[in-house]
Amino acid sequence: MINRRTFGKAMALGAGAAAVSLTGPQTSPVVAAPRSGASTSGGTSASALPDIAPGTHTTFGRMRHVTAGLLNVGYAEVGPAHGPVVICLHGWPYDIHSFVDVAPLLASRGYRVIVPYLRGHGSTRFRSATTFRNAQQSAVALDIIALMDALGIHRAVLAGFDWGSRTADIIAALWPERVKALVSVSGYLITNVEAQQEPLPARAEHTWWYQYYFSTERGRRAMEDRDKRRELCRLVWETVSPTWDFDDATFARTATAFENPDYADIVIHNYRWRLGLADGERRYDRYEKRLAGRPVITVPTITLDPERDPFTAPGNGASYRDRFTGAYEHRTLTGIGHNLPQEAPTAFAQAVVDVDHF
């Protein structure tokens, strides 16, 4: 989820190249309209989207698949085929349904919206049984570059949260020519593994309980057990989105994505790698070396902080502001938890439309 270096810094201050392959590389603004129960700090928009209730939509319809790099990627597509592209990237323990209300809103404005399952999730599969089930940050980012290449997309607006924010941040930092604009929930999430060896304040460490659980074989076994996995993931939903009144059907739709045969391996490797407890692959070393330097992001960006997310650092985005050097705006959504796109779809979609008009 959130970069522990960034989170730790904030907790200390307050409380609580064109295509890259895996083998190498106007209208006058008006005030943005947040959904009921949410507010934004700052916020101008090209034009306001209609406010819809979370859960208005439940499905994407027919899924699509494309061979892209190491994967056969399953993805949803909504909107006109020749519209400007928005790629929405989900986190853990979530899936493409985090954007089930966002995508139609954007499609209504003429956007072609692509929502892929990340590696190890849903209908996305590795093309080879011998490929290492690696979830280090640069590998996941290169999956999205490969997807863009496979779909003939040179530039897109990238928008994500959790793992999706990190992935979008990395692409914007290393390959800015591929990113028209960026919406990043929780700001700058690029991981520095060495920096994450430093302990956090006790309250912050407590919030990360599952990360340490996954560093044990006991945690791995829980993720490999269907019932224990679903119970654990639902507990995370409840604790990081304390005001989100989701129902059983909403969770069940996403939980099908956890049945991917590589899900446990990908989740466990991601969290162990970030703690320095699992190795990555040497083919990604050059990217990780650059990312360890915390490169700035120059593309137009809106960052969103969910106020009720326990990972949201105090300071209204101040802890990562210096990492964004292009056109920029920060918004905090009050009363909203970690799964921001699904909890506040209108506000998330509005940020995409607005940043595209910077």
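1. Ala 76 sits across from Val 115 of β6. The strands involved are β4 (residues 71-78) and β6, an antiparallel pair with 4 bridges; two strands count as paired if DSSP finds at least two bridges between them. Strands here are DSSP runs of E, at least two residues, and helices are runs of H or I, at least four residues, all numbered from the N terminus. A word on the basis: this is a predicted model, with local features needing pLDDT of at least 70 and side-chain atom pairs counting only at pLDDT 80 or more, while totals for chains, interfaces and linings use all residues. Residues are numbered from 1 along each chain as its sequence is written, and side-chain values use heavy atoms, with hydrogens and water left out.

2. On β6 there is also a parallel partner: strand β5 (residues 85-89), joined to β6 by 3 bridges. Here Val 85 faces Arg 112 of β6. Between β5 and β6 the chain passes through helix α2 (residues 102-107), giving a right-handed β-α-β crossover (right-handed if, with the strands pointing away from the viewer, the path from the first strand over the helix to the second runs clockwise).

3. Strand β6 (residues 112-116) has 5 of its 5 residues buried, so it is largely enclosed by the rest of the structure. Buried means under 20% relative accessible area, exposed over 50%, and partly exposed in between, using a 1.4 Å probe and protein chains only. Side chains in a regular strand alternate between the two faces of the sheet. In β6, Arg 112, Ile 114 and Pro 116 point one way and Val 113 and Val 115 the other, all of them buried.

4. The aromatics deserve a look. Rings of Phe, Tyr and Trp (its six-membered ring) pair if their centres lie within 6.5 Å, with planes under 30 degrees apart called stacked, over 60 edge-to-face and the rest tilted. That rule gives 26 aromatic pairs. In one of them, the ring centres of Trp 92 and Phe 214 are 5.6 Å apart and the planes are at 85°, so the pair is edge-to-face. Trp 92 is in the loop between β5 and α2 and Phe 214 in the loop between α6 (209-213) and α7 (217-224), so the contact ties together parts 122 residues apart in sequence. Trp 92 is buried at 0% relative accessible area, and Phe 214 is buried, also at 0%. Phe 214 pairs with Tyr 213 too, stacked at 6.3 Å centre to centre with 25° between the planes; Tyr 213 is partly exposed at 26%.

5. Worth checking in the backbone: the peptide bond joining Trp 92 and Pro 93 is cis, with omega about 0°. Most residues other than glycine have a negative phi, and most peptide bonds are trans. Arg 294, not a glycine, has a positive phi of about 50° and is buried at 15% relative accessible area. Asn 316 likewise is not a glycine and has a positive phi of about 55°, but is partly exposed at 45%.

6. Finally, the largest cavity has a volume of about 80 Å³. A cavity is a set of points on a 1 Å grid over the protein atoms alone where a 1.4 Å probe fits but cannot get out, and lining residues have an atom within 4 Å of a point; the volume is the space filled by probe spheres set on the points. Among the lining residues are Trp 163, Arg 166, Trp 273 and Arg 274.

Technical notes:
1 Å grid on protein atoms, 1.4 Å probe; cavity = no way out; pocket = protein on both sides within 12 Å on 5 of 7 lines; lining within 4 Å.
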